[in-house]
Amino acid sequence: MGSLAGRWARSRWETCHTPLTEPHDDHLPEAGPVAAGQDAGGGGADDFASGPTEAEQSRPGETGPTPPEPEPTLPEPVRQRIVALTAAVLPAMPTDEVPVPLRRVAKFASNRRARLGAPAIAAQLTADPLFRQRVTARVLADTGDLGTAVVEGTAPAAADPVEVAALAYLARPRRWRELIEASGAAVRAEADSAVVAELVREAEQRATRAEHDRAVARVEAEKLRDELARVREELGQLREESRQVSRTLRETQARERRANELLATERGRAARAAADTEAELRRARARLAEAESAAGVARASAKEARSIDDARLWLLLETIGQAAVGLRRERALDPVEKLPADFVADAFADQSATTPAGAAARARDTDDPARLDQLLALPRAHLVVDGYNVTKRGFGEMSLEQQRKRLITGLGGLAAQTGDEVTVVFDGAERMHGLPPTPRGVRVLFSRKGETADELIRRLVRAEPTGRPVVVISSDREVADGVRRHGAYPLGADSLLRRLARS
């Protein structure tokens with residue numbers, strides 16, 4: 001640990017081996033049992049000891065042990081500094097030298113060790129003199145000249161009193177209690193000085209504000225004096241004019257006074273009546289404008305609602321009509337050659353050769369283009385395509401522009417073959433550049449800002465009338481489940497890709 005640690009260790013050895021006839025009251029032994037009832041792993045953070053920590057020593061001529069001096073009450077800054085110094089050297093100490101309650105604290109990060117482990121560190125420093133001696137040896141090795149001075153029982157005048165008190169508590173040289181008391185006095189003096197400085201600063205601020213207020217008051221008083229002088233001068237002029245007028249109007253003033261009073265009264269009544277009438281007119285005009293605006297909005301809403309209802313009703317009727325025609329044409333079946341009983345007999349005769357029909361049906365329902373052809377053959381079918389879900393599955397190596405162009409071109413051919421309504425939806429807050437001319441029968445939509453293509457597809461499905469066949473192409477399970485709840489037929493992207501490849 002260096003020469004300083006060696007000197008401190010020799011000093012501690014000499015102190016601990018002083019004859020009992022000349023005891024040193026300011027030193028504590030470095031090892032000894034913990035006082036009865038004291039928890040070695042606990043303790044408070046405010047006091048480093050709740051009971052005596054020195055071994056009981058017997059003096060010559062005495063039959064009983066001499067009670068050790070209690071631990072001094074440490075100022076809060078000194079206590080925090082002692083904990084910080086101990087926390088800093090904990091990781092560097094061998095594991096067997098660290099008390100069991102502090103081994104977990106030693107693994108904390110440097111910024112958490114002193115803050116979270118303060119109670120345990122304080123308790124171990126008080127209860128375990130050997131641990132305190134090991135910590136002190138490592139701390140003194142890092143403090144240099146200041147540690148040497150503290151071990152020798154002196155404190156440099158320019159040294160931080162908190163640092164001196166912390167080192168004195170750990171090293172415990174001669175008169176270490178006096179150093180701690182001096183540090184406490186210095187800390188209290190600094191706190192008192194800070195309070196006095198703050199009071200002086202507040203007093204200076206109040207004096208400055210008072211001086212400013214007095215200056216403002218003087219300026220305002222000067223303005224009021226000037227204004228008073230001007231008003232007095234005007235008052236003198238008005239008095240002179242009043243005397244001149246009174247001479248000329250004295251004869252007619254009595255007769256005109258009554259007429260003027262009556263005229264003023266009538267004018268006030270007329271003005272109030274005109275103001276009331278004007279206010280009422282303005283309120284009536286405002287109510288009329290609001291009523292006209294509300295009526296216009298109601299007419300527009302009703303017209304739009306009627307248009308949507310008419311379009312849905314027309315489309316539903318068209319779908320029902322063509323569905324009826326197609327069903328009538330489909331039911332024109334040829335005479336059957338086998339009766340239902342024949343099928344039952346065949347099933348009992350050859351059960352081993354039967355293959356599960358459910359798997360084939362499910363495969364056909366998901367990605368088989370034949371299932372897509374069946375659905376598109378329904379009357380007034382509407383094909384809704386999740387654009388990027390199909391293009392990235394079929395030809396994702398192309399750029400987005402080429403993907404869109406290829407899909408829209410293929411859908412144009414499919415619309416021309418089937419005559420069905422086709423809508424393709426892409427993600428995008430605004431219209432993309434580089435789109436080919438929209439083929440006949442194909443509608444291209446882009447989702448608005450804050451909306452995804454999946455939400456737009458579900459909105460398109462909900463807008464269709466109940467009963468119209470709507471086919472949605474998307475391999476997204478969430479999209480498929482959502483549109484199925486609204487009566488649409490979801491198919492995978494592979495079914496459309498195979499159908500386009502066949503075309």
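Q: At what angle do H13 and H17 pack?
A: Helix H13 (residues 387–395) and helix H17 (residues 493–502) pack at about 65°, axes 9 Å apart. Helices are DSSP runs of at least four residues (H or I), strands (E) of at least two, numbered from the N terminus. Axes are fitted to C-alpha atoms over the stretch in contact, with angles from 0 to 180 degrees between N-to-C directions. This is a predicted model: local features need pLDDT of at least 70, side-chain atom pairs 80 or more, while totals for chains, interfaces and linings use all residues. Residues are numbered from 1 along each chain as its sequence is written, and side-chain values use heavy atoms, without hydrogens and water.

Q: Which residues of H13 and H17 make the contact?
A: Asn389, Val390, Arg393, Gly394 and Phe395 of H13, with Ala493, Asp494, Leu496 and Leu497 of H17. Contact means heavy atoms within 4.5 Å.

Q: Switching to strands. How many bridges join E1 to E2?
A: Five bridges join strand E1 (residues 382–386) to E2, and the two run parallel. Pairing takes at least two DSSP bridges. Leu383 has Val422 as its bridge partner in E2.

Q: And how many join E2 to E3?
A: Five, also parallel, with E3 spanning residues 442–446. Thr423 is partnered by Arg443 in E3.

Q: What does the His382 side chain join in a polar contact?
A: The side chain of Thr423, at 2.9 Å. A polar contact is an N or O pair within 3.5 Å; within protein, one atom must be able to donate a hydrogen and the other to accept it, and sequence-adjacent residues count only if both atoms are side-chain atoms.
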